[in-house]
Amino acid sequence: MNSAQGRLSMAASPSSVSGLEVLLSTLQNSGDTASTLNILNVLDELLSAGTDRRIHYMISKGGSEALLTTLVNTCCNASPNYTMLLPLLHLLAKIGHRDRHIGLKAEKAGAVLLTLNLLKHNIKQARRASACLWVIQVLSSSVSTAKLIGENHGLDIIYSLLPQYTTKHLLTVKAAIHAFAALLCTKTNVCLAVSKGYISGLLRLYEDWHGKGSQHGAPAICHALLRCLHKVTHRTTGRQAIISQGGIKLLHQITQTCLSNKGLETLVEPTVQLMRKCLPKTCIPLASDRSAYTFALPGRPHFVPDTELASGIAYTDGSSEDSDDEEADDSQEADKDYDDDLETDVSKLRLRPDPDRPKNLLPQYSCFCPEFSYNFQEMDLVSEQEESSTTSSSSSDEDIVLLNSLFSHSTRKNRKRNSSTCELSPSLSRSNSETGVSSTAAALMEAHDFHRNNDTHSANLGVRTIERQAKEQDCRYQRQDGQDHKEKHAQQSQSHRTMIDILLERRRACIPNHEPKLYCSAAAKARSIPGFTILAFPDFWGHISPSGREPMAPRKPDIQRKKVLEDIQRFLNTGDIINRVVFDLEDDTLQGPSDSLWFFSKFESGNLRKAVQVRRYEYDLILNADANCSQHSQWFYFEVSNMMAEVPYRFNIINCEKSNSQFNYGMQPVLYSVREALEGRPHWIRSGTEVCYFRNHFYPTRGRMKTSFYTLTFTITFKHSEDVCYLAYHYPYTYSALKTHLNVLQKSVDPAKVFFRQQILCHTLSGNSCPLVTITACPASSGMKDMQQLRDRPCIMLTARVHPGESNASWVMKGTLEFLCSSDLVAQSLREAFVFKIIPMLNPDGVINGMNRCDLNSEDLNRQWCKPDPILNPTIYHTKGLLYYLNSIGRTPLVFCDYHGHSRKKNVFLYGCSVKETLWQSGSPVDTVGLKEDPGYRTIPKALDRIAPAFSFNSCNYLVEKSRSATARVVVWREMGVLRSYTMESTYNGCNQGIYKGLQIGTLDLQEMGVKFCQSLLSLTRDTTFFYSRSLVNHINLDHNILDHNSHNCFEDDEPPFIEDIEYSTDCTALKGTDLDSDVNSNIPSADEESEGDEEHMATQDWQDCIGQSQ
């Protein structure tokens, strides 16, 4: 042993390397027991004193092969020496556990069946059996080796070693269970175990061992048995066997006892995971995975339409085909290694590709630079004419008819058949005509009576429907016989108009930049696939951000476990299961039962496809996929009514697709109460308790069988009975809200100071206009100098809402637009310094139809920028065309920023583009020393970090990924040469740094971010020192000591490791190498035990028979 101790000091030097090789060579060729034992002891002590690195080094030098050869040679002797075999098996187990190819090496050496036979002949010798079991366990890491052992009755031999509860030979029992689990890595062995009834045996063993509580190592044995059952569930036959043997019920009962016993808490999570895996896969209750909304796509034309003519294209080509094969699949990008995704081709990073269209098509975009052609001498006259035109248009006969018939209040049944045929109750009409402005309570009672008397399942307390076909209604009534019908219709229209006006006068709060009647007019012109005739109350009435900021919701410990156990109860106890469809977007005849909640989503930006009442107060909700495809379920926005106050309702959205969500980290859905709004609190508020997000057992109706669905579950306790509420993923912002906002802004600006022009960039596939806004300062005069200064102003281009589900981007854009139109001194400076080209909604069709990711072409528009199709991707095509035009006339934007929302991160941050940073991060061999790059792309992020409390400089990056090569940010940077080309990502959740840390983001915070982005642009003006001056800092209201806000000093992980497993496909926690080493070391006998063991060696003849069988 002295020599052994001396060798422990060996370092990784050439001499030690040769010394290790000498030891291994001697071990294989030594026929002397003492020498072999000495070498084994040296190796064991050498490896035990170091880290796994030493073991892996030994493996690389053929250590595993040497031990296997020694094992085979030792067993070939007439009388095997177990004094030598036992430490050899121990060392082989320790090293083999870290050798990924140990099974194949053992097969090659002929040691697999030999070890199995050693076990067979030493079943009654606990130490020997344990050593053999550990070796079998590590050898079974190879599928072929495990299959070989199973074919030679290895499962039967090892299963015979699994006893009922006992206090004897626990180490051997544990080793046997782990070896049995290792063999279940193959389908063949699982089938064998099922056919021989071993699954039922394992369940009964688990029940028996668990019944002994925490006595005598029972939890460790139970954990090992769970690992066996987890291995079984990798195969369908195994899962079915567990179900058929009552395994889920047994495991559920045992789990309930574990929850009340602290000594058994470690068994709860693996048991719950096991039950989740065994729950039968259930088809999502839909007739088809494809969206309920389909749109006939136009054929691809051979010509490029002019921008002015794009709106006139009729997209009704009978030869067009649905784009079934063009679904965007971003999940493939998530599977790529991040560094491998970085662009390393310097030519692609630095060289501009050729334009995607001829230059002769660019002059058509000159009309979108009205600041150059506008006659500022006639500015006052034109503005007066525009105001007159606006006023007259809003009071046109058509709009009067529209507004008079705007809100009809039918029952759900009548509304779906013919929403124009409802009648007001006589008592309600009298109250409107006979009473003046009454008290608040009276007004609320009138609103409530309006709701009740019209029996509207999802009415909004008197504000509900848009009648798009008001003129058709007039014609329909005119065709009726008798003058009475005409008079009755006129009285009804007048009554409705009066009720709306009274409600607005009495109850409506003053919501900045929102006019309900203008909103109605805009909504009536929006074109949707289903032809929406219903207006959601929050969009009509408006939203005011609550006075205080809302903290992130604290997550209760083990809340996911609680919800999963409730779901398992649904499978086990069906007595209280209702499973009744109470809402179906595709079934207009379905009536909500009186004893359930009523749902509705057929309005602008709404998304809820089906609602199923599972239990009395629990509902499964299914979202509608993006139009023309079967994917991208995330955004939801729906109405719910007929609730009882102070009753917790559980909602489960069961077809979410992303593998994780901010709902697991403090985020809540948003809720809007009509009752609260009429009482003067028109707020979207964060709501919901017991919020969590995890993988479920549903699968698609057909196709995409590998798709996993996830459940977002939350509990809502409504404040009022018989209220009407709306629930949404995030604060909704509709296309009609944008159109209304732009019209209100245009009226609000002083045309003598602010140049504000709305234009139609193009029309979408369904014919909705895509607005383009130009904002700058009017020149001081029409003199040459002032006009030249106007023409010399750099251009800033801002876009948003290319992904319709990212409504937070629209709120940021709202803040930007309002600030740029304001009288703020900084806004005035920005208008005098820049010309802003703003496209606030790149995907109107997706927003209108409640989609999450795509447009009507089922494509992600932010992956179409390389070569957008003029017909199928008109908004991207013409936005890029405008950029080409600006580039061609020498007015390339100084800044391009595309506003987005991020569902997996907190804070607000920027993505930019940098050649050097991309090459550095990717580990490219390209020498970047000679590459010159303007670092100005960091100017705006640094400025935002200084002034914006929600902004995280630490979250920004400037890498160019291959998978993002067709995004706006990368294409504008690469093709247009815009140095400061960004994507600005805003969280749906909140912030984990700065003064907003721990708070959920609200609409005011998002609008503030839009303001701060504008203010950061001052850093690009000629006098950049002005940006950092104390006077400006004070002017832009940097309160809360934001100057000391340094987000780049925050190194907290964006999301800490999640305690509860969102997925359930993983095994029970695998045995660690250190755990196996500890068990092996516990099996080393003392000198007295070795002597006693020698007397129990099997007879020579028996061993020779064993050798013969193995051969």
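Colleague: What volume does the largest cavity have?
Modeller: The largest cavity has a volume of about 150 Å³. A cavity here is a set of points on a 1 Å grid over the protein atoms alone, where a 1.4 Å probe fits but cannot get out. Grid points are joined across faces, edges and corners, and the volume is the space filled by probe spheres set on the points.

Colleague: Before we go on, what kind of model is this?
Modeller: This is a predicted model, in which local features need pLDDT of at least 70 and side-chain atom pairs count only at pLDDT 80 or more, while totals for chains, interfaces and linings use all residues. Residues are numbered from 1 along each chain as its sequence is written, and side-chain values use heavy atoms, with hydrogens and water left out.

Colleague: Back to cavities, then. How many are there of 30 Å³ or more?
Modeller: The structure holds 8 cavities of that volume, 30 Å³ or more.

Colleague: And which residues are closest to the centre of the largest cavity?
Modeller: They are D567, F694, N696, H697 and T711, out of 16 residues that line the largest cavity. A lining residue has an atom within 4 Å of a point.

Colleague: What does the lining look like by class?
Modeller: It has 6 nonpolar, 4 polar and 6 charged residues. Ala, Val, Leu, Ile, Met, Phe, Trp, Tyr, Cys and Pro count as nonpolar, Asp, Glu, Lys and Arg as charged, and the others, Gly among them, as polar.

Colleague: You mentioned β7 and β10. What is the strand order in the open sheet of 6 strands?
Modeller: The order is β2-β4-β5-β7-β12-β10, with mixed pairing. Two strands pair if DSSP finds at least two bridges between them. At the edges stand β2 (580–584) and β10; each has a single partner strand, so one side of each lacks a neighbour in the sheet. From one strand to the next, the twist averages 20°, where axes are lines fitted to C-alpha atoms and angles run from 0 to 180 degrees between N-to-C directions.

Colleague: In which sense do β7 and β12 pair?
Modeller: They pair in the antiparallel sense over 7 bridges, with β12 covering residues 710–717. Within β12, T715 is the bridge partner of R650.

Colleague: What about the open sheet of 5 strands: what is its order?
Modeller: That sheet runs β3-β6-β13-β8-β9, with antiparallel pairing. Its edge strands, β3 (598–600) and β9 (684–686), each pair on one side only. The twist averages 30° from one strand to the next.

Colleague: How many bridges join β3 to β6?
Modeller: There are 3 bridges between β3 and β6 (residues 637–641), in the antiparallel sense. F599 has V640 as its bridge partner in β6.

Colleague: And β8: which residues point which way?
Modeller: In β8 (residues 670–673), V670 and Y672 point one way, L671 and S673 the other way, and all are buried. Buried means under 20% relative accessible area, exposed over 50%, and partly exposed in between, with a 1.4 Å probe and protein chains only. In a regular strand the side chains alternate between the two faces of the sheet.

Colleague: What stands opposite V670 in β9?
Modeller: R686 stands opposite V670 in β9, and β8 and β9 pair in the antiparallel sense over 3 bridges. β8 is also joined by 4 bridges to β13 (residues 724–728), again antiparallel; in β13, A728 stands opposite V670.

Colleague: New topic. Where is N628 found?
Modeller: N628 is in the loop between β5 (618–622) and β6. Its phi is near 65°, a positive value in a residue other than glycine, and N628 is buried at 1% relative accessible area. H632 lies in the loop between β5 and β6 as well, with phi near 70° and a relative accessible area of 10%, hence buried.

Colleague: Last one: how many disulfides does a search of the whole structure find?
Modeller: The search finds 0 disulfides, a disulfide being a pair of cysteine sulfur atoms within 2.5 Å. As for individual cysteines, C185 is partly exposed at 22% relative accessible area, whereas C656 is buried at 5%.

Terms used. On a 1 Å grid over the protein atoms alone, a cavity is a set of points where a 1.4 Å probe fits but cannot get out, and a pocket is an open set with protein on both sides within 12 Å along at least five of seven lines; lining residues have an atom within 4 Å of a point. Helices (H or I, at least four residues) and strands (E, at least two) are DSSP runs, numbered from the N terminus.
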